[in-house]
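Hello,

Here is the structure I promised to pass on to you. Have a look at it first, and then read on for my notes on how the two chains meet.

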Amino acid sequence: MTSMKALSRLFALPGGLSAAAGKALRQFFALLAVSLAGLGQRPGPALTIVVGVACAVGVLVAMLAMGSGARRQEMSNVHDDRVVVAELGQRPLFGSISRQDAAAVQDLPYIRRDKDGRPIVVMESMIPINGVRRGTGARIFIPLMGVTPNITAYRPEMRFTVGRMFRPGMHELVVSNICTRVFSGFEIGDRRQIRGMPWTIVGLFGEGENGQCTILGDVNAIMSVFSRDTYSGLEVMLRSPADFDAFRAAVKADPAVHLFAERQRKVVTDNSKPLNSVLDFASYFVGTIMAIGGTLGAINSLYAIVDSRRRELATLRAIGFRPGTIVAATLCESMLLALPGALIGAALAWIFFSGLSASPFGFTFQLEVTPDLVRIGVTWALLMGFIGGILPALRAARVPVTAALRAA
Amino acid sequence: MKYLPLVWSGIWRKPGRSILIFLQVAVAFTLFGVLQGLKTGVDHAIAAARADLLIVHSRLGFGVPLTLGMLEQIRSVPGVEEAIPVELSLGTYQKPTQQVGLVAIRPDKGWLSAFTYSISPAYVKAFLATRTGVLVREELAEKYGWKVGDRIPLRTGLPQRNGSSVWTFDVVGTFTDSDIGGGNSNVLINYDYLNEGRASGKDIVNHFNVKIADPKAAAAMSDAIDARFANSPNETRSESIREMAQESLQSIGDLEFLIRAVVTAVLAALLFATATMMMQSVRERTAEIAVLKTVGFTNHAVFALTLAESAIVCVAAGGAGLAVATLAFPYASKFIHGLSMPWIIVSVGLASALAVALVSAALPAALAARLQVATALAGR
């Protein structure tokens with residue numbers, strides 16, 4: 001209580017103007033301190049608020065952790081100096097780009113050069129192949145990307161853990177470690193039948209945080225096997241991210257090519273929009289319903305708490321405490337009760353779900369509880385405490401003095 | 001039964017509190033219903049999908065064409081009962097936004113068993129007899145007001161030999177589709193009419209529908225068919241309708257652990273809230289309970305009355321919540337059609353509501369039953 005007094009004295013400092021405000025503040029802190037101290041005697045309702053808020057926040061944070069995990073994974077290998085070049089009017093990677101067009105892109109300025117002085121332009125051709133999931137045995141389509149060998153310059157995050165890069169023109173594949181983990185038949189040395197011919201897996205690599213299975217082979221070998229003569233997409237590494245606008249204009253200005261350039265960031269964001277919006281919608285849908293339930297519980301518990309204090313409240317009113325102060329103190333108490341709930345909920349979400357891997361809608365990623373999510377959880381909890389506190393606070397302020405004292 | 005008014009007045013002793021508890025329980029069971037309903041509904045939908053119906057399409061993807069010549073090879077695989085060629089095309093009706101899926105079928109003998117459609121026999125007969133005939137999905141016929149006898153022009157991506165890419169069909173009937181993956185705006189047409197009328201791409205098919213004798217052999221049959229075409233220019237991939245349903249709905253199954261966590265959290269919070277409220281309620285009524293006992297209510301009766309009060313509120317609220325969930329379900333599951341609220345979830349939900357009520361009221365009810373009349377009234 002001494003610290004409370006000190007605090008209220010501190011607030012009362014600036015002269016006579018704030019004497020009234022200082023008095024209200026003193027009343028407010030005194031009331032709050034008494035209220036909180038009294039909670040220990042009957043922990044039921046207070047605990048109900050804490051548990052209700054903890055469950056609501058825990059669920060919200062755990063569900064949002066899916067979205068943040070997915071976003072982190074999607075964006076993990078995105079860099080501003082990387083550009084996707086696609087056919088006009090087609091989705092990136094689903095176009096058909098002739099060899100002449102690809103050669104024309106290679107001659108454009110602003111492109112970074114590899115150590116041999118050649119422009120870093122990766123030509124790609126995508127073929128869906130069969131993957132058999134470990135455990136369930138389910139067969140799903142996974143993309144086999146035919147790429148030019150300069151992919152290692154374009155994606156420096158590729159680090160070979162076993163074996164080596166494929167050799168140009170050979171029927172060889174390299175796969176990311178995720179593939180070996182998720183699908184069977186992707187161990188080093190395994191042979192996969194593609195168009196009736198065996199393709200040997202010669203290397204396994206890691207790609208930072210990317211959780212998708214990446215399978216790479218030589219683009220020319222793949223295109224000749226599938227008798228294709230157009231690429232499905234190009235990726236370009238710029239000298240610097242600042243060159244993007246100039247490069248984009250250069251692609252547009254070339255009348256010979258029907259292509260457009262887009263930042264890798266934009267393409268990845270667009271591709272992941274459907275997944276992200278489904279995850280966000282589900283999180284906030286479930287989170288809102290839980291919060292409504294939690295708020296209803298908080299209202300009920302606060303009513304119970306206020307009712308058990310009728311005599312004290314009436315006494316305070318009798319000795320000159322203002323209704324406004326009582327409202328403010330009750331609201332504050334409600335929010336203070338919600339706060340530990342939020343922290344417990346966020347902690348539970350972190351303990352049980354952070355780092356857990358989920359694979360909804362064919363994507364695999366790890367749930368991630370970030371400080372941002374904890375902040376969202378705390379905001380929701382304070383909101384629940386505030387909204388839940390309004391009606392009980394009004395009742396507390398309206399306790400009829402004489403009736404309450406007589407009933408006691 | 002004669003104690004019902006007593007329980008009833010107990011519930012309305014503090015109307016605000018009872019209404020809040022009611023709402024809280026109802027909200028919780030709305031969430032329970034939607035989440036569990038989604039999970040169980042998906043399981044049911046997968047189990048109901050036919051395992052004896054295989055779709056044989058190109059290994060390279062769904063849009064890559066196969067040839068009609070493969071039909072005899074598929075039919076010669078032991079265990080295959082029917083194999084029907086199917087070609088797909090996208091058409092539009094009047095406006096570019098009004099898309100219609102054209103499913104061209106060669107209605108060979110026994111073709112209906114290789115599809116998930118239900119068509120009345122009269123319509124089937126008319127379809128077989130009319131080369132330009134079209135069977136329209138009921139939803140679509142309703143949407144555009146098409147009736148039997150109407151002639152409908154559809155603009156497609158397939159030019160006819162006369163250069164026009166508008167095809168005219170005679171509506172001969174309607175059909176329904178039990179497949180959850182089946183498009184809502186599909187129409188069935190005769191493959192031969194399409195194949196002979198189109199300017200290019202003769203004898204190309206999109207996939208084959210294959211009915212097999214033994215649904216349990218679906219995986220082995222898929223492999224047997226795919227083996228026939230291995231190393232050929234038209235490598236195939238066969239999958240049963242059930243396998244496809246599983247694949248497309250797996251996403252929700254993968255979220256099972258999260259659904260379970262949410263439902264656990266909901267029920268835990270609820271249990272706690274109702275328990276505290278019942279405790280509060282019993283404590284406030286010390287004097288009343290003592291009076292009840294004085295006038296002859298046994299400890300057991302008091303125990304039962306307290307439980308009944310909690311049970312009535314919770315089960316009624318649970319029922320209300322599940323009703324809301326059932327009504328809201330078609331919206332929540334909009335992206336998967338044919339999903340309906342499984343009744344088992346409603347029963348499980350009501351049972352859970354009762355369980356929450358009984359568990360949370362057990363301690364307060366025991367306190368009420370053990371109350372000593374003298375002590376309780378002494379304070380007055």
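**Where helix H9 of chain A packs**

In this predicted model, H9(A) packs with helix H9 (residues 256-284) of chain B at an angle of about 15 degrees, and their axes are 11 Å apart. That angle makes H9(A) roughly parallel to H9(B). The crossing of the pair is left-handed.

By class, the contact has eight nonpolar and seven polar residues, with no charged ones.

The contact of H9(A) with H2(B) has 13 nonpolar, six polar and one charged residues.

**The contact between the chains**

Taken as a whole, the contact uses 33 residues from chain A and 33 residues from chain B. On the chain A side, the elements that give two or more residues are helix H3 (43-75), strand E2 (121-133) and H9. H9(A) gives the most, with 13 residues. The side of chain A that touches chain B divides into 20 nonpolar and 13 polar residues, and no charged ones.

**Chain B on its own**

Chain B has 13 helices and 12 strands. Its radius of gyration is 31 Å, well over the 21 Å that the globule rule gives for 380 residues, so chain B is more spread out than a compact globule. Along its principal axes, the C-alpha trace of chain B spans about 100 × 45 × 30 Å.

Of the 380 residues of chain B, 41% count as buried. Looking at contacts in chain B between residues at least 6 apart in sequence, 82% join residues at least 24 apart.

Notes
Residues are numbered from 1 along each chain as its sequence is written. Chains are lettered from A and ligands numbered from 1 in the order in which they are written. This is a predicted model: local features need pLDDT of at least 70, side-chain atom pairs count only at pLDDT 80 or more; totals for chains, interfaces and linings use all residues. Helices (H or I, at least four residues) and strands (E, at least two) are DSSP runs, numbered from the N terminus. The radius of gyration is taken over C-alpha atoms; the globule rule is 2.2 Å times the number of residues to the power 0.38. A residue is buried if 20 or more other C-beta atoms lie within 10 Å of its own, exposed if 12 or fewer, and partly exposed in between; C-beta atoms are placed from the backbone. Two residues are in contact if their C-beta atoms, placed from the backbone, lie within 7 Å. Ala, Val, Leu, Ile, Met, Phe, Trp, Tyr, Cys and Pro count as nonpolar, Asp, Glu, Lys and Arg as charged, and the others, Gly among them, as polar. Axes are lines fitted to C-alpha atoms, for helices over the stretch in contact, and angles run from 0 to 180 degrees between N-to-C directions. Angles under 35 degrees count as roughly parallel, over 145 as roughly antiparallel, 65 to 115 as roughly perpendicular and the rest as oblique. A crossing is left-handed if the near helix is turned anticlockwise from the far one by less than a right angle, and right-handed if clockwise.
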